[in-house]
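Hi,

Here is the structure I promised to pass on.

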Amino acid sequence: MSFLAAMLLLNLDVADAFICFANLLNRPCQLAFFRVDQPQMNAYYTLYEDFFRENLPKLFAHFQKHSLTSDLYLVDWIYTLYSRSLPLDVASRVWDVFLRDGEEFLFRSALGIMRLYEQVLLQLDFINLAQFLTKLPEDMNSDVLFDSIGAIRMTVNKRNFAQVLAKHRVASQLGTYNVIPPLLAQKWGQTRRTQWTTARRSVLGLPRFRCLYPYPVLPR
């Protein structure tokens, strides 16, 4: 939450920042993630994967090959609204459009980032993918990124964002989905979980440790 508060305090006085912060956390997507409402989070993950596969099938298959599921990097982007992973000027532009267009733009931005760095990502293995997506390049150009975002199509089988989300929310509430999103999910061994944890802690400058949890624990 500190990243959200910091972004607001850079642009507003304390009272207005607090009001905006409270309103921001009450948006459906943020509410689901900060409450750790797993069924709702799964619906968002699976929605993202639908659009990922539709827009970038080759990169989607590459991620699937290396067992890199969307929850491993997307959760950090959603929690901080890109304020940690993107340069400040780029994150500010993303916030501007997000506050105007709503949660759809968060997922469109994620796909825009993937499209922008597709050729780089296709050359990376699991560890390097995790490191790259945790800390995106500092020299990212906002105009180039927004051109990439603009090329993303937010329809799947003639369904728009809201329709796809509604479908996955129903399926998630009925218990159709597992904790790990179904489109990318594969059986994770201890090695993969430890690799991910090591990669994240390495990027954050923290000492390595053996993962003892059933799923990756992402620092906030």
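Predicted model: local features only at pLDDT ≥ 70, side-chain atom pairs only at ≥ 80, totals over all residues.

To start with, how many of the residues of helix α6 (residues 71–80) are buried? Ten of its ten, so to speak: α6 is mostly covered. Buried here means under 20% relative accessible area, exposed means over 50%, and partly exposed is in between, with a 1.4 Å probe and protein chains only. The buried set in α6 is Asp 71, Leu 72, Tyr 73, Leu 74, Val 75, Asp 76, Trp 77, Ile 78, Tyr 79 and Thr 80.

Residues are numbered from 1 along each chain as its sequence is written, and side-chain values use heavy atoms, with hydrogens and water left out.

Overall picture

The protein chain has 13 helices and two strands; these are DSSP runs numbered from the N terminus, with helices being H or I of at least four residues and strands E of at least two. Of its 220 residues, 51% are buried. If you take the contacts (heavy atoms within 4.5 Å) between residues at least 6 apart in sequence, 75% of them join residues at least 24 apart.

Two helix pairs

Two packed helices are described by the angle between their axes and the distance between the axes. For both pairs below, axes are lines fitted to C-alpha atoms, over the stretch in contact for helices, and angles run from 0 to 180 degrees between N-to-C directions.

Helix α4 (residues 38–55) packs on helix α12 (residues 161–173) at about 135 degrees, with the axes 8 Å apart. The two are therefore oblique to each other; under 35 degrees would count as roughly parallel, over 145 as roughly antiparallel and 65 to 115 as roughly perpendicular, with the rest oblique. On the α4 side the contact uses Pro 39, Gln 40, Asn 42, Ala 43, Tyr 44, Thr 46, Leu 47, Asp 50 and Phe 51, and on the α12 side Phe 161, Val 164, Leu 165, Lys 167, His 168, Arg 169, Ser 172 and Gln 173. By type, these residues are eight nonpolar, six polar and three charged. The classes are: Ala, Val, Leu, Ile, Met, Phe, Trp, Tyr, Cys and Pro nonpolar; Asp, Glu, Lys and Arg charged; the others, Gly among them, polar.

Helices α7 (residues 88–101) and α8 (residues 104–116) cross at roughly 140 degrees, their axes coming within 8 Å. That makes α7 oblique to α8 as well. Val 94, Val 97, Phe 98 and Asp 101 of α7 meet Phe 105, Leu 106 and Ser 109 of α8. This contact divides into five nonpolar residues, one polar and one charged.

Helix α5

Beyond its neighbours within four places in sequence, Leu 59 contacts Phe 52, Met 114, Glu 118, Leu 121 and Leu 122. Its C-alpha is 8.6 Å from that of Gln 119, which is 60 residues away along the chain.

Phe 60 is also in α5 (residues 57–65), and at 4% relative accessibility it counts as buried. Between Phe 60 and Leu 122 the C-alpha distance is 9.6 Å, across 62 residues of sequence. His 62, another α5 residue, is buried at 11%. Sequence neighbours within four places aside, His 62 touches Leu 121, Leu 122, Leu 124 and Leu 129.

Two loop residues

Most residues other than glycine have a negative phi. Val 36 has a positive one of about 55 degrees; this residue sits in the loop between α3 (28–34) and α4 and is partly exposed at 41% relative accessibility. Lys 158 has a positive phi too, near 65 degrees. Lys 158 is in the loop between β1 (155–156) and β2 (159–160), and counts as exposed at 83% relative accessibility.

Cheers
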